[in-house]
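This report describes a single protein structure for a reader who is new to structural analysis.

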Amino acid sequence: MTNEEMITIEKHMKTWTLEAAQLLKDSFQSTLTITYKSHIADLVTDMDKSIEKFFINKIQQTFPDHKVLGEEGFGDEIKGNSNGVIWIIDPIDGTTNFIHQQANFAISIGVYEDGIGKLGLIYDVEGSNLYFAKDSEGAYLNDKKLPKLEEVTLSESVVGVNATWAGPNRRINHEHVQQIIRKSRGTRSYGSAAIELAYVASGRLDAYMTLRLSPWDFAAGLILLNEVGGIVSRTDGEPVQLLEQNSILAAKPGLHKEILDHLL
């Protein structure tokens, strides 16, 4: 993409996101149709589906040669092929929060070209906070440039982690997670991977770790973190695979290695 093309995409991303956010806010007055996918806590609403369709229609009309990967499955079937320009979209990241709280949910969009993150946007709808990053040009919160992240130790840190992983489970040694919790200054859980990754990028959290994230959960956050010097890997230390499900560890420099040493 040329710089002019990226400027055009940025303009549309932001305009469409604010339009979609208003649709979500308006829906607070309506009765949602709620179903679930893999289990009773994996919720989806009619708004998840309609907002994804809203973005796909806009993208297909404006950028017909671009592909779309969306959580609700209305986009293209990509199957591991990251060639070309791909929009990776989560129309509502934090659907349970959207239903129960009308807060702590986000619209998340990552635009990648040939597997490289070019533009990342996370919009905290209820808080009206827009996190945006452009490849090699930095990351911003509401048009204010975010500083590079500085090194910090675990004992000084607030870590985003879901309580699920602190108890016995099939995916990670919970005793290692408990060690991280005990050594940290404190922990938080917001129920939206996009918001928690944005919080690491903006310094509101020092680290965030979770298991089983899909591309639409982390695509935008990776771009934000890359622009501020955050370190992101899988929880086994291996590189994140963009079009696959990953267990993610995102943290400030130095802290990432300290947490990873506990996990390994």
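In this predicted model, helix α4 gives the most to the lining of the largest cavity, with three residues. Strand β10 (158-161) and helix α4 (174-183) each supply at least two residues of that lining. The complete lining consists of V159, V161, V177, I180, I181, S184, T187 and M209. By class, six of these residues are nonpolar, two are polar and none is charged. The volume of the largest cavity is about 30 Å³, and the count of cavities of 30 Å³ or more comes to one.

**Overall form**

The protein contains seven helices and 14 strands. Its radius of gyration is 18 Å, close to the 18 Å that the globule rule gives for 264 residues, so the protein is as compact as a globular protein of that length. Along the principal axes, the C-alpha trace spans about 50 × 45 × 35 Å.

**The second largest pocket**

The second largest pocket holds about 240 Å³ of space. Which helix contributes the largest share of its lining? That share, five residues, comes from α6. The residues that line the pocket are Y112, G117, D135, L222, I223, L225, N226, E227, G230, V232, P239 and V240. They divide into seven nonpolar, three polar and two charged residues.

**Packing of helices**

Two packed helices are described by the angle between their axes and the distance between the axes. The table gives these values for two pairs.

| Helix pair | Angle between axes | Distance between axes |
|---|---|---|
| α5 (residues 193-201) and α6 (residues 215-228) | roughly 0° | within 9 Å |
| α4 and α7 (residues 255-263) | about 140° | 8 Å |

The axes of α5 and α6 cross at roughly 0°. Angles under 35 degrees count as roughly parallel, and α5 is therefore roughly parallel to α6. On the α5 side, the contact is made by A193, A194, L197, A198, V200 and A201. The α6 side supplies D217, F218, G221, L224, L225 and V228. By class, this contact has 10 nonpolar residues, one polar residue and one charged residue. L225 of α6 takes part in the contact with α5 and is also among the residues that line the second largest pocket.

Helices α4 and α7 pack at an angle of about 140°. These two helices are therefore oblique to each other. Their contact is formed by H176, V177, Q179, I180 and K183 of α4, together with I259, H262 and L263 of α7. The residues of this contact comprise four nonpolar, three polar and one charged. V177 and I180 belong to the α4 side of the contact, and both also line the largest cavity.

How values were computed: Residues are numbered from 1 along each chain as its sequence is written. This is a predicted model: local features need pLDDT of at least 70, side-chain atom pairs count only at pLDDT 80 or more; totals for chains, interfaces and linings use all residues. Side-chain values use heavy atoms; hydrogens and water are left out. Axes are lines fitted to C-alpha atoms, for helices over the stretch in contact, and angles run from 0 to 180 degrees between N-to-C directions. Helices (H or I, at least four residues) and strands (E, at least two) are DSSP runs, numbered from the N terminus. Angles under 35 degrees count as roughly parallel, over 145 as roughly antiparallel, 65 to 115 as roughly perpendicular and the rest as oblique. Contact means heavy atoms within 4.5 Å. Ala, Val, Leu, Ile, Met, Phe, Trp, Tyr, Cys and Pro count as nonpolar, Asp, Glu, Lys and Arg as charged, and the others, Gly among them, as polar. On a 1 Å grid over the protein atoms alone, a cavity is a set of points where a 1.4 Å probe fits but cannot get out, and a pocket is an open set with protein on both sides within 12 Å along at least five of seven lines; lining residues have an atom within 4 Å of a point. Grid points are joined across faces, edges and corners, and a volume is the space filled by probe spheres set on the points. The radius of gyration is taken over C-alpha atoms; the globule rule is 2.2 Å times the number of residues to the power 0.38.
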